[in-house]
Amino acid sequence: MAEPSKVIHIRNVGHEIAESDLLQLLQPFGLVSKIVMLRAKNQALLQMEDIHASVSALQYYSSVQPSVRGRNIYMQFSSHQELTTDQSSHGRNSDQESEPNRILLVTIHHMIYPITVEVLHQVFKAYGFVEKIVTFQKSAGFQALIQYNSRQEAVEAFGSLHGRNIYDGCCQLDIQYSNLSELQVHYNNDRSRDFTNPSLPTEQRPRTSQQQGYPDPAGLYAFQQPGASYAQMGRVAMIAAAFGGTLPHGVTGTNERCTLIVSNLNTDKVDEDRLFNLFSLYGNIVRIKILRNKPDHALVEMADGLQAELAVHYLKQGAILFGKKLEVNYSKYPNITPAPDAHDYLNSSLNRFNSNVVKNYRHCCAPTKMIHISALPQEISEETILNHVSEHGSVVNTKLFEVNGKRQALVMFETEEEATEALVCKHASSLEGNTIRISFSQMQSI
């Protein structure tokens with residue numbers, strides 16, 4: 001093994017693996033200060049804030065095989081002790097780069113959402129006046145040529161956007177300088193646009209690749225069903241993106257039933273808020289109602305059928321809450337009618353899927369022995385965290401760490417049941433003035 005370094009060298013990093021995937025593997029060990037994606041070599045370099053963090057990470061992954069999106073990756077200390085700003089901005093060797101030019105060639109990796117001229121324009125216009133955009137499909141994937149008014153604007157966009165994701169966890173930008181001097185645009189539509197000539201026709205009929213001068217990317221959108229909106233497709237695509245490109249085995253993505261019936265509840269300890277804390281792991285909650293004539297039964301209405309399907313998928317596998325194995329199925333009722341005995345969560349700020357949607361889907365899983373606690377006070381101690389959650393079971397291990405300046409913690413219990421109880425009782429509770437958030441962690445050990 002090479003001499004210890006703050007910089008970790010990672011191999012077998014496929015194009016489907018995003019920066020955020022690698023950060024998720026290493027941030028539990030300390031702050032990641034820099035990252036370089038070496039796409040041409042299927043490699044990456046990550047610099048930890050200190051050498052202790054990188055040593056801890058490699059010690060852990062020497063006994064646990066790290067895997068991202070079904071692909072095994074391999075880590076070792078880099079021969080670099082530090083990553084330079086130039087390396088961090090570009091992530092390429094200078095001899096592999098073309099001369100700076102005002103036209104950029106952009107390849108989109110791990111493209112889950114449809115990318116149009118409008119989307120690209122929104123991303124790239126922040127760095128200067130975008131004159132023209134042409135999109136097309138090649139063997140390397142979906143690509144675009146983007147022409148700025150000046151070379152300096154293109155250089156600034158390259159330095160800021162190369163390796164970044166358009167959406168959280170997907171649609172990664174791989175940017176090179178083009179050797180073209182001028183783009184030829186004949187139509188203004190969702191595949192090409194000349195922003196200096198808005199009077200161009202929109203093209204009323206499909207062109208052949210010979211007519212347009214670029215391969216026709218229409219096949220890229222072939223998965224769209226007639227009449228389906230991008231919003232409808234996007235919901236399924238977003239969840240698929242979070243799970244590495246495909247939905248979890250057994251989840252169809254076509255379920256339209258939003259209301260669930262939950263039975264075999266512990267009537268002495270379960271209430272609507274505790275059910276909310278558990279089911280909100282899988283989607284936003286509209287309403288929850290505990291049945292008066294069957295107090296060990298409750299109805300849970302989710303925001304959409306996909307989220308309801310995820311809840312059934314992960315909780316039907318044997319979740320135990322307060323000594324009782326939950327039974328989760330679809331209800332015959334399409335929704336819960338607003339009533340005094342139905343708790344309304346539609347506008348609750350505690351719903352997890354109002355923001356960071358892809359990230360929250362990525363964390364969906366069946367109950368585990370380990371919980372992840374975030375939104376902690378900056379000066380919190382492990383002892384304070386332990387005092388807050390240890391009443392729910394035997395704590396095996398804890399780890400307090402920082403991600404992007406925010407304090408977080410991992411707490412491992414002896415059993416999944418204990419971790420589940422801690423989550424439903426302490427999610428959204430107050431700790432030293434902060435409303436903490438708790439989810440299950442998919443890590444096997446600390």
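These questions and answers walk through some residues of a predicted model.

Reader: Where does R39 lie?
Author: Look at two strands. Strand 2 covers 32-38 and strand 3 covers 43-48. R39 sits in the loop between strand 2 and strand 3.

Reader: Which side chain of opposite charge is nearest to R39?
Author: R39 is buried, yet it has no salt bridge. A salt bridge needs a side-chain nitrogen of Lys or Arg within 4 Å of a carboxyl oxygen of Asp or Glu. The nearest side chain of opposite charge is 5.6 Å away, and it belongs to D174.

Reader: Which backbone oxygen does the side chain of R39 reach?
Author: R39 touches several residues beyond four places away in sequence, including V13, H15, I17 and Q172. G14 is also one of those it touches. At 3.1 Å, the side chain of R39 reaches the backbone oxygen of G14.

Reader: How many aromatic pairs does the structure hold?
Author: A pair of aromatic rings is described by the distance of the centres and the angle of the planes. Ring pairs link F29, Y60 and Y61 into a cluster. For the structure, the number of aromatic pairs is 7.

Reader: Why is the pair of F29 and Y60 called tilted?
Author: The ring centres of F29 and Y60 are 5.5 Å apart. Planes under 30 degrees apart count as stacked, over 60 as edge-to-face and the rest as tilted. The pair is tilted because its planes stand at 45°.

Reader: How many residues apart in sequence are the parts that F29 and Y60 tie together?
Author: Both F29 and Y60 are buried. F29 lies in the loop between helix 1 and strand 2, whereas Y60 lies in helix 2. So the pair ties together parts whose separation in sequence, in residues, is 31.

Reader: What is the angle between the ring planes of F158 and Y177?
Author: F158 lies in helix 5 and Y177 in strand 11. Both are buried. Their ring centres are 4.7 Å apart, and the pair is stacked because the planes are at 10°.

Reader: Over the face of which residue does R257 lie?
Author: Here a ring meets an arginine. R257 is 4.0 Å from the ring centre. The ring belongs to Y330.

Reader: How many of the 11 residues of helix 9 are buried?
Author: Helix 9 runs over residues 305-315 and is mostly covered. Among its buried residues are L306, E309, Y314 and L315.

Reader: Which residue reaches the backbone nitrogen of L306 at the start of helix 9?
Author: The contact uses a side-chain oxygen. This oxygen comes to within 3.0 Å of the nitrogen, and it belongs to D304.

Methods: Residues numbered from 1 in each chain as written. Predicted model: local features only at pLDDT ≥ 70, side-chain atom pairs only at ≥ 80, totals over all residues. Heavy atoms only, no water. Helix = DSSP H or I, 4+ residues; strand = E, 2+ residues; numbered from the N terminus. Buried < 20%, exposed > 50% of the residue type's maximum accessible area, 1.4 Å probe, protein only. Lys, Arg positive; Asp, Glu negative; His and termini not counted. Polar contact = N/O pair within 3.5 Å; in protein donor to acceptor, adjacent residues only side chain to side chain. Contact = heavy atoms within 4.5 Å. Phe/Tyr/Trp six-rings, centres within 6.5 Å; stacked < 30°, edge-to-face > 60°. Lys NZ or Arg CZ within 6 Å of the ring centre and 35° of its normal.
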